[in-house]
Amino acid sequence: MVKDRISVSVRELVEFILRSGDIDNRRRTVRADAMLEGGRIHRMLQKREGPDYRAEVPLRLVIPFDDYDLIIDGRADGIISVDNETTVIDEIKGVYKELKRIKEPESVHLAQAKCYAYIYALQNELKEINVRMTYCNMESEDVKYFHQGFTFGELKAWFDALIGEYRRWASFSYEWRIKRNASIKKLQFPFTYRKGQKELAEGVYRTVFHEKRLFLNAPTGTGKTLAVLFPTIKAMGEGLTERIFYATAKTVTATVASESFDELRKQDFLFKTVTLTAKEKICALRENEGTPCNPVDCPFAKGHYDRINDALYDFLTREDDHSRKRIMEFALERNVCPFELSLDLSLFCDSVILDYNYCFDPRVKLRRFFGEGVNGNYIFLVDEAHNLVDRAREMFSAELFKEDFLKVRAKFMEGWNALADTHPAIVTDVRKDKARQNLIKLMKKLMNNLSNCSRALIPVKKLCDSREEGAFKDPELEEFVAVLTRTALIFGELLEEAGTAEVSLDNEALELYFNIRSFLDIYETEDESYVNYAEISPDGRMRVKLFNVDPAKEIRKCTDRARSTVFFSATLLPVTYYMDLLSGDREDYTIYASSSFDNSKRGVFVSRDVSSKYTRRSESEYQRIAYEIYEIISVKQGNYMVFFPSYAFLKEVTGKYLSTFDMPEQEILIQERYMDEDKRREFLEKFESSDRLLAFCVAGGIFAEGIDLREERLIGAVIVGTALPQVSFERSILKDYFDERELDGFDYSYRYPGMNKVLQAAGRVIRTENDRWIVALLDERFLTRGYRRLFPREWDNVKEIDLTSAGEEVTEFWKMQHIP
């Protein structure tokens with residue numbers, strides 16, 4: 001009988017068991033996506049070695065326990081055999097720290113090498129084996145070596161102790177898997193399947209089984225969340241996946257996922273979930289805005305790694321649903337960082353609910369799962385995937401503002417003066433005193449380099465100023481990048497010294513440092529999917545941007561490491577647009593789920609005599625739109641939302657409406673440009689208590705997506721205009737890019753993104769099978785073929801209206817519903 005297996009990599013093992021001490025972001029000098037650059041360093045050093053050097057040697061050890069086998073695997077960077085007598089395990093680490101500051105190997109780095117040395121010595125019956133730690137500065141490419149020899153007995157005693165520490169975690173994982181899979185076997189779909197819902201679920205299961213990607217367009221109300229989750233969970237019970245990553249763009253969709261798991265738990269379903277929340281929102285000291293993560297400023301950071309493993313085990317064995325609220329409560333109880341606790345929970349939970357960034361963004365993605373060279377038996381479920389196109393462009397782009405260099409320089413000048421004035425007598429620690437003196441010197445060097453960065457952009461700014469649009473493509477950046485590289489090196493040294501001196505850096509300075517790192521990373525690796533440009537932004541600042549126009553290649557790198565990926569939304573139309581920009585592979589699976597709604601219960605109207613075109617915008621056009629809105633919503637008492645293409649347009653039409661129609665019984669709500677969470681909640685709560693409400697909102701805004709107003713809470717949505725993105729230099733880059741590739745540049749840069757906003761706004765009123773509702777599109781362009789082909793296929797009863805017929809047509813619809 002084949003025993004169950006629990007697998008852990010050498011790196012995961014040592015980093016998890018041997019961690020200790022404080023969280024300290026003052027020493028964070030390695031950029032989040034340094035794995036890619038580290039791979040280049042590895043290959044460079046390995047090529048320099050002679051014929052006795054074997055590179056990237058896979059090693060695997062099976063440790064049998066009573067109920068399961070523990071699999072330890074990894075890949076030694078190099079194994080050197082000298083005269084068939086001496087064997088050396090080479091462990092290579094790329095660093096940004098100056099090599100002269102590395103006095104001995106990092107304990108975790110050495111532990112990795114010792115694991116490889118033990119496995120190799122065991123399997124080759126060696127009595128002795130050597131380890132070489134190779135540190136290479138990733139910018140200067142200088143190398144420093146540390147050598148150490150071990151007897152097999154020494155390594156065995158050390159390794160046995162390490163495995164002894166890990167065994168409780170392996171046993172927990174094994175025992176939980178048995179209980180979880182037994183509960184999955186008994187799990188039933190919690191409701192009667194809606195029309196098309198079972199076929200949808202079957203399609204998701206086939207996708208997982210065949211290890212494919214799926215683009216799923218599921219109209220609102222089809223129950224897509226459970227229809228996607230249920231078959232994926234069933235696949236987990238059959239051993240097809242180890243973990244489900246439910247990726248969302250907004251908190252509200254994360255909440256829907258969490259509620260779906262709660263619904264399934266009503267059947268005694270055993271399943272561990274964790275919801276990851278942005279650090280700034282879950283930080284125990286979040287009210288002290290900008291509190292750095294270090295042991296001086298945060299009591300939760302001090303000694304965090306000494307406490308976290310016991311706390312983590314307690315939390316895992318106590319509860320299954322690790323929500324934001326419970327994580328914060330438990331972290332306060334056990335005096336650990338709630339954000340880091342949530343990340344550690346993800347290692348042992350069956351599903352992780354998280355923002356897109358943690359899956360795909362090279363700056364913040366979870367390297368434990370998605371790092372370079374890490375392949376996993378996991379599944380991505382990407383909810384509201386229409387949002388991922390623009391989000392992905394942001395993730396894989398980089399920009400720097402000229403003004404930020406001088407702004408941060410001024411902050412360093414303040415800090416430099418403060419440190420220079422500190423009398424040495426108050427610094428009792430000699431090491432800290434020396435570090436502070438070094439810090440003063442480095443700050444002076446950095447200030448000079450920040451000035452040089454700003455100065456190197458002067459020619460670029462002059463060219464921007466000379467252009468009518470204040471922008472241009474393909475700026476000459478070589479000189480700027482050379483200065484930026486030197487600045488990054490000094491910045492990294494300064495961060496390391498600041499940690500030793502126990503000096504915290506300003507958050508704006510840290511942000512600039514990481515932005516510089518990101519810019520340099522992308523500059524070194526960008527390809528034809530990027531367009532570089534410089535422009536004077538609307539606030540007057542000058543920026544240079546490495547713009548990722550087509551994110552498909554980068555997203556595909558991430559999804560290729562997963563077993564399967566399901567992109568799903570109510571508005572993946574046209575699906576080929578999303579396939580082109582999220583995978584680049586039109587051979588991926590696609591499903592258009594059937595709508596469960598009765599067509600007779602919905603009315604879709606399109607106006608033929610108004611438009612939001614710039615050439616039509618006038619006082620008379622605003623007045624006509626206001627009249628048509630009135631004709632549509634005055635027929636039946638109820639709650640309505642009207643969506644506009646911009647705040648400016650909203651203001652014009654709202655002004656006309658309020659000055660023309662006196663309806664004291666009707667409550668008016670107007671979306672503000674900036675609304676905090678309390679104001680948003682108050683806005684939506686009005687729909688719960690009112691039955692005669694008219695809300696003026698912005699398409700693509702906070703109330704146009706992700707809100708759930710069922711039945712009589714909302715009976716109509718009016719969308720004014722085609723919601724085209726604002727004309728900009730960046731949009732013109734997108735248009736030109738796709739035109740050059742024989743795709744329709746206007747569609748890809750304007751029409752498709754705009755139509756998605758329209759469909760999302762319309763979806764606010766389409767929630768349940770029992771709803772009766774109307775959607776009115778007020779723009780004559782919706783009647784053209786270019787837009788009609790983008791209508792959902794279930795919109796097969798569209799009525800044309802104008803100012804004179806709108807009231808009559810809408811009245812006729814409501815009469816057919818037999819509703820007064």
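A: We begin with the elements: helices (H or I, at least four residues) and strands (E, at least two) are DSSP runs, numbered from the N terminus. The model is predicted, so local features need pLDDT of at least 70 and side-chain atom pairs count only at pLDDT 80 or more, whereas totals for chains, interfaces and linings use all residues. Residues are numbered from 1 along each chain as its sequence is written, and side-chain values use heavy atoms, with hydrogens and water left out.

Q: Where do R11 and E15 lie?

A: Both R11 and E15 belong to helix α1, which covers residues 10-17. Four residues separate the two, about one turn of the helix.

Q: What does R11 form with E15?

A: R11 and E15 form a salt bridge (a side-chain nitrogen of Lys or Arg within 4 Å of a carboxyl oxygen of Asp or Glu). The closest N and O atoms of R11 and E15 are 3.0 Å apart. As to accessibility, R11 counts as partly exposed at 32% relative accessibility; here buried means under 20% relative accessible area, exposed over 50%, and partly exposed in between (1.4 Å probe, protein chains only). E15 is also partly exposed, its relative accessible area being 36%.

Q: How many salt bridges does the count come to?

A: The rule gives a count of 56 salt bridges. One of them joins the side chains of R168 and D310, with 2.8 Å from N to O. R168 is in helix α4 (residues 152-186) and D310 in helix α9 (residues 304-318), so this pair ties together parts that are 142 residues apart in sequence. R168 has a relative accessible area of 33% and is partly exposed; D310, at 47% relative accessibility, also counts as partly exposed.

Q: Is D361 buried or exposed?

A: D361 counts as buried, with 8% relative accessibility. Its side chain meets that of R363 in a salt bridge of 3.3 Å, N to O. R363, by contrast, counts as partly exposed at 25%. Elsewhere, salt bridges that share partners join E399, E535, R543, K545 and E730 into one network.

Q: At what angle do α1 and α4 pack?

A: Two packed helices are described by the angle between their axes and the distance between the axes. Axes are lines fitted to C-alpha atoms, for helices over the stretch in contact, and angles run from 0 to 180 degrees between N-to-C directions. For α1 and α4 the angle is about 90 degrees, and the axes are 10 Å apart. That makes α1 roughly perpendicular to α4; angles under 35 degrees count as roughly parallel, over 145 as roughly antiparallel, 65 to 115 as roughly perpendicular and the rest as oblique.

Q: Which residues make the contact of α1 with α4?

A: L13, V14, F16 and I17 of α1 meet L162, I163, E165, Y166 and W169 of α4, where contact means heavy atoms within 4.5 Å. By class, these are eight nonpolar, no polar and one charged. Ala, Val, Leu, Ile, Met, Phe, Trp, Tyr, Cys and Pro count as nonpolar, Asp, Glu, Lys and Arg as charged, and the others, Gly among them, as polar.

Q: At what angle do helix α6 and helix α7 pack?

A: Helix α6 (residues 224-237) and helix α7 (residues 251-265) pack at about 55 degrees, their axes 10 Å apart. The two are therefore oblique to each other. In the contact, T225, L226, L229 and I233 of α6 meet V256, A257, S260, F261 and L264 of α7. These residues comprise seven nonpolar, two polar and no charged.

Q: Is S260 buried or exposed?

A: S260 is buried, with a relative accessible area of 8%. Leaving aside neighbours within four places in sequence, S260 is in contact with T225, L226 and L229.

Q: Where is the place of T571?

A: T571 sits in the loop between β17 (564-569) and α21 (575-582). At 3% relative accessibility, T571 counts as buried. Apart from neighbours within four places in sequence, the contacts of T571 are N217, H386, Y578, N756, L759 and Q760. T571 and Y166 are 405 residues apart in sequence and 46 Å apart in space, C-alpha to C-alpha.

Q: How do the axes of helix α20 and α21 cross?

A: The axes of helix α20 (residues 552-559) and α21 come within 6 Å and cross at roughly 75 degrees. That makes α20 roughly perpendicular to α21. A552, I555 and R556 in α20 meet D580, L581 and L582 in α21, a set of four nonpolar, no polar and two charged residues.
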